[in-house]
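Here is a short report on a protein model. Please look at the sequence and the fold before reading on.

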Amino acid sequence: MSKPLVHTPEGVRDIYGEEYLRKLLVEEKLHHTLRSFGYQDIQTPTFEFFDVFSREIGTTPSRELYKFFDKEGNTLVLRPDFTPSMARCAAKYFMDEKLPIRFSYLGNTFTNTSSLQGKLKEVTQLGAELIQEPSVQADGEMIAMVVEALKASGLEDFQVSIGEVEYFKGICSQAGLDEETENELRDFISSKNFFGAQELLEQKAVRRDYCEILLKVNDLFGSAEALQQARKLVNNERSLQAVERLEELYQVLCEYGVEKYVSFDLGLLSKYRYYTGVIFKAYTYGVGDAVAKGGRYNSLLKYFGKDAPAIGFVIVVDDLLEALSRQKRKPQPAAEGILIIYEEGRFRDALEKAAALRADGVPTELIPASVASRTAQDSAFADRIRIYREKARAHMQKAFYYLPSEGGCAEEILD
């Protein structure tokens, strides 16, 4: 095999051994939290029709999609984002449902970003969507669930930053900004590019008082007291209602007892245009991006034929694992398996012992002594035992048995 064939493309990676065990363990803890809130699992295709993620939907830009064609000439894309797929499913299978719908899911997303950004192009995301529930209590449930899920994963030092898209849109509407200018300004503000935002507003000859308000949006962050400052800054009804919604949300989060994990940021926006209200991102130290993000999207389902409000979030499992590792809070999978090494003539005995252990739920691996010690055929027996011991530890096994050809069984419990 030529050497290049063993390498992966930029932005994707192999995960194996103990690292993959840790990932599975974290996913299990996150999933358990979502299940405890009554969310039902759903699985959607890895690729969808291009229109599910089109520009009109307001999701990932077309240039960042992995696109290809099927034999019928349809344009297909690897999913870059779960939310539009969830909206499609809700419209297809729950069109006449009147009660709230709760989805949870786990899978990989694919984004064709520049290699220079140093980001993974394939990441694992675990998330939830609450559809047909417009209340502030639903907003609180989603954010509280993010907090509980991150705590369950082992994360302790994190903060969920909460904003409201309608606050920003209300100011833009009052200032008379067109949609294109609003979207450009959104990008500058979301990236905290003050000078880019200022230059854009000057180019568009926006009134000075509105310029000052829009540029101050980035300064409206912190505890619940920031909401009082946000209220004083505006006088349009749309933005004031957004502040009121956030104040009500804070009270709900206090009821959940998670208020110490939340803060507010009225400059928090997203590249996803389908968000229509509350938006939030969870940050922790050790990684540059948010480990969780979500928000309300009350208009998205209309594109699929169902008029229903919704809110959801995703946890980026890979970023969460990186944060746990850098904070020295990596989950430690329990050693639970058994390694059985058998010499010539002892296969039947080894198989019987393995079958009994497996029946009791103990993972059991069999290795012939001639194969296991192949790298140390000329070594002393003690050296071969050392090799078996290292292999058992590498495979997260708590003990190994050695069955010599002359009979009997030597057992070693690993610490």
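In strand 4, Val77 is the bridge partner of Lys67. Strand 4 covers residues 75–78 and runs antiparallel to strand 3, with 3 bridges between them. Strands here are DSSP runs of E, at least two residues long, numbered from the N terminus. Two strands pair if DSSP finds at least two bridges between them.

This is a predicted model: local features need pLDDT of at least 70, side-chain atom pairs count only at pLDDT 80 or more, and totals for chains, interfaces and linings use all residues. Residues are numbered from 1 along each chain as its sequence is written, and side-chain values use heavy atoms, without hydrogens and water.

The pairing belongs to an open sheet of 3 strands, ordered 2-4-3 and antiparallel. Strands 2 and 3 stand at the edges with a single partner strand each, so one side of each has no neighbour in the sheet.

| Edge strand | Residues |
|---|---|
| Strand 2 | 47–49 |
| Strand 3 | 67–69 |

Strands of a sheet pair through backbone hydrogen bonds.

Now to another strand. Gln125 lies in strand 6, residues 122–131. Leaving aside neighbours within four places in sequence, Gln125 is in contact (heavy atoms within 4.5 Å) with residues including Phe82, Tyr105, Thr109 and Val316.

Finally, the domains. Domain 1 spans 17–327 and domain 2 spans 337–413; these bounds come from an automatic or database domain assignment. Their C-alpha centres lie 50 Å apart.

Note on methods:
Helices (H or I, at least four residues) and strands (E, at least two) are DSSP runs, numbered from the N terminus.
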